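Please have the sequence and the structure open while I talk.

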Amino acid sequence: MRGTTAVSIDEICRQAGFTRGAFYSNFRTVDEVFFALYERQTEHLLEGMRQSPPLAMSGGGLEDVVETLMHVLPPDWQWYAIRAQFTVQTKSRPETTETLRAHGERLADGLEPFVVAAVRSAGRDLTCSPSEGTRVVIAAHVGAVLQSPLTDDPERLRRDVLLSALRGISEPVGPAPTR
């Protein structure tokens, strides 16, 4: 993958070992190929989360939650660069907007229980709704990954950004109020 959607059908066929007929029997456009790959990537990510309960469940802190998220969320900046290219197209292509929105909602819905459980396992409560907190985590992760080619230590950047985001959307569970 090159981090761009500017590829030809012939190039896709050559890389995948397809004939043009095989391509057209499965896809109408190059965009459909990328959306299918994105869907497969999302399903792989969600399956990984289902099979890997948060490591922080052992009672660790937010640092453990971040390590878990870094393990589960892919740091592949090329995927996010492609998504950004599709996002730019949404002004002129409503069908792209709807497809991206559906993919994003599916990812957020799948990630939400994972984020909630991980934050709780760190002895913290969300200070916003679970869906808002999940979107903050996704935005922080994607932003850090897109910045990764511009930094000397992309893993540290991702770790720091995720930790800051989690601190911003949660607070330590306090003692029960006295009556």
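By class, how many nonpolar, polar and charged residues are there in the lining of the largest cavity? Before I answer, please keep in mind that this is a predicted model. The lining has seven nonpolar residues and one charged residue, with no polar ones. By name, the residues that line this cavity are Phe-34, Phe-35, Tyr-38, Trp-79, Ile-82, Arg-83, Phe-86 and Leu-100. Two elements, H3 and helix H5 (77-89), each give two or more residues to that lining, and H5 supplies the largest share, namely four residues. As for volume, about 50 Å³ of space lies in the largest cavity, and a search of the whole structure finds one cavity of 30 Å³ or more.

Let me now turn to the helix packing. Helix H3, residues 30-51, and helix H6, residues 94-121, pack at an angle of about 5°, and their axes are 10 Å apart, which means that H3 runs roughly parallel to H6. On the H3 side, the residues that make the contact include Phe-35, Tyr-38, Leu-45 and Met-49, while those from H6 include Leu-100, His-103, Leu-107 and Phe-114. Sorted by class, the contact of H3 with H6 has nine nonpolar, five polar and three charged residues.

Finally, the salt bridges, of which a search of the whole structure finds nine. One of them is formed by Glu-43 with Arg-106, where the closest N and O atoms are 2.2 Å apart. Glu-43 lies in helix H3 and Arg-106 in helix H6, so this pair ties together parts that are 63 residues apart in sequence. Both Glu-43 and Arg-106 also belong to the contact between H3 and H6.

Notes. Residues are numbered from 1 along each chain as its sequence is written. This is a predicted model: local features need pLDDT of at least 70, side-chain atom pairs count only at pLDDT 80 or more; totals for chains, interfaces and linings use all residues. Side-chain values use heavy atoms; hydrogens and water are left out. Axes are lines fitted to C-alpha atoms, for helices over the stretch in contact, and angles run from 0 to 180 degrees between N-to-C directions. Angles under 35 degrees count as roughly parallel, over 145 as roughly antiparallel, 65 to 115 as roughly perpendicular and the rest as oblique. Contact means heavy atoms within 4.5 Å. Ala, Val, Leu, Ile, Met, Phe, Trp, Tyr, Cys and Pro count as nonpolar, Asp, Glu, Lys and Arg as charged, and the others, Gly among them, as polar. On a 1 Å grid over the protein atoms alone, a cavity is a set of points where a 1.4 Å probe fits but cannot get out, and a pocket is an open set with protein on both sides within 12 Å along at least five of seven lines; lining residues have an atom within 4 Å of a point. Grid points are joined across faces, edges and corners, and a volume is the space filled by probe spheres set on the points. A salt bridge is a side-chain nitrogen of Lys or Arg within 4 Å of a carboxyl oxygen of Asp or Glu.
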